[in-house]
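Biologist: Could you walk me through this one, starting with the charged side chains and then moving on to the nonpolar core?
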Amino acid sequence: MNTESASALERLIRQNDLGWMIDMYAPPEQAIPFFLKQLERVAAEHRERFKYEATLTPESLNSESQRNPHRVRAFLQALGISRNAVMLLMVVRILNGWTIREVTMEYRDQESFHLCVTLARQRAGPDEREEYHTDDISDAALLRHFGITHADGRPVFNGFFPLPQYNRV
Amino acid sequence: MIGGHDVVFPAVGDSATLEACARIVERFWPDVRFEDAITGDKYRRLGDIPFGMVCELLVYPNAEAEAAWDADLPGSPENSMLSLIIRPEDITVVLDNPQTAEMQSLLSMIHDWLRTDMHLRFARAA
């Protein structure tokens, strides 16, 4: 593990009032290595799906936080929720401008859970959609970050945004 | 210049709010172009905009409208540019005519998004 990257990520997490992500991890000293590994997994998932590299490092997040602090905060909050690189990649894509075209969720008490989020660019054709699936109910918490509105009475999920900073540890 | 109707929404006027409004405009104008009103920096894609560094965003429906405004051509079509301005306590949409069906729909969508956002922010803060 690169010490500078580890320090940068911890600083970024704490600056965004998300210190609980580290302090509540068991054991806490393993939190940053785990989150760094998660960033690598998301980058690998991106490479696998889209065949080009995504820059997703503590340094790139730090740089982006100057330009778009809300996006970085939203991503870090998602990193604290989801253990699933596929769903974290979904978050990255929405933050980068993709639109939420479809969400389906199935849940049966103590039996099963499935969530599928379909994304596309604003001008994409019907065959340019991207699907993100998960069976982990923890990922349902990501839906809290979706902006909600209506277009002439029709439902719209609009973007992925940070939740208010109410968890200060 | 824009006709000068200011529609002011009480809001937390931060980078997230500005991005949400820009995303809503993009839904109406798929070929949208953006410009930082202060620096003049232009953006073809919403994902490229540094919302944390922008407090007034000009939004054009397409490249032609943007070019017409850049050339300062007389007789720009109505609502061929919007301005989104954030302050800590509100966000303002400046446009020519808020009474058209398209703009009514767009403003309603922004209002709806802000209502949910304010609920989330202040319900949790309480």
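Biologist: What do the side chains of Arg33(B) and Glu66(B) form?
Modeller: In this predicted model, the side chains of Arg33(B) and Glu66(B) meet in a salt bridge, at 3.7 Å from N to O. The pair links distant parts of the chain, 33 residues apart, since Arg33(B) lies in strand 2 of chain B and Glu66(B) in helix 2 of chain B.
Biologist: Are those two buried or exposed?
Modeller: Both Arg33(B) and Glu66(B) are buried.
Biologist: Which residue forms a salt bridge with Glu66(B) at 3.1 Å?
Modeller: That is Lys42(B), whose closest N and O atoms with Glu66(B) are 3.1 Å apart.
Biologist: Why does Glu66(B) count as buried?
Modeller: Glu66(B) counts as buried because its relative accessibility is 7%, which is under the 20% cut-off, whereas Lys42(B), at 39%, counts as partly exposed.
Biologist: How many salt bridges are there over all chains?
Modeller: A search of the whole structure finds 19.
Biologist: Now the core: which residues touch the most other members of the largest one?
Modeller: In that core of 44 residues, they are Ile13(A), Phe75(A), Leu76(A), Met90(A) and Phe160(A). Helix 6 of chain A gives the largest share, 10 residues.
Biologist: What does Met90(A) touch, leaving out residues up to four places away in sequence?
Modeller: Met90(A) touches Val117(A), Leu119(A), Tyr132(A), Leu142(A) and Phe146(A). There is also a second, separate core of 35 residues, which includes Ala11(B), Val32(B), Ile49(B) and Phe51(B).

Notes. Residues are numbered from 1 along each chain as its sequence is written. Chains are lettered from A and ligands numbered from 1 in the order in which they are written. This is a predicted model: local features need pLDDT of at least 70, side-chain atom pairs count only at pLDDT 80 or more; totals for chains, interfaces and linings use all residues. Side-chain values use heavy atoms; hydrogens and water are left out. A nonpolar core is a set of buried Ala, Val, Leu, Ile, Met, Phe, Trp, Tyr and Cys residues joined through side-chain atoms within 4.5 Å. Buried means under 20% relative accessible area, exposed over 50%, partly exposed in between (1.4 Å probe, protein chains only). Helices (H or I, at least four residues) and strands (E, at least two) are DSSP runs, numbered from the N terminus. Contact means heavy atoms within 4.5 Å. A salt bridge is a side-chain nitrogen of Lys or Arg within 4 Å of a carboxyl oxygen of Asp or Glu.
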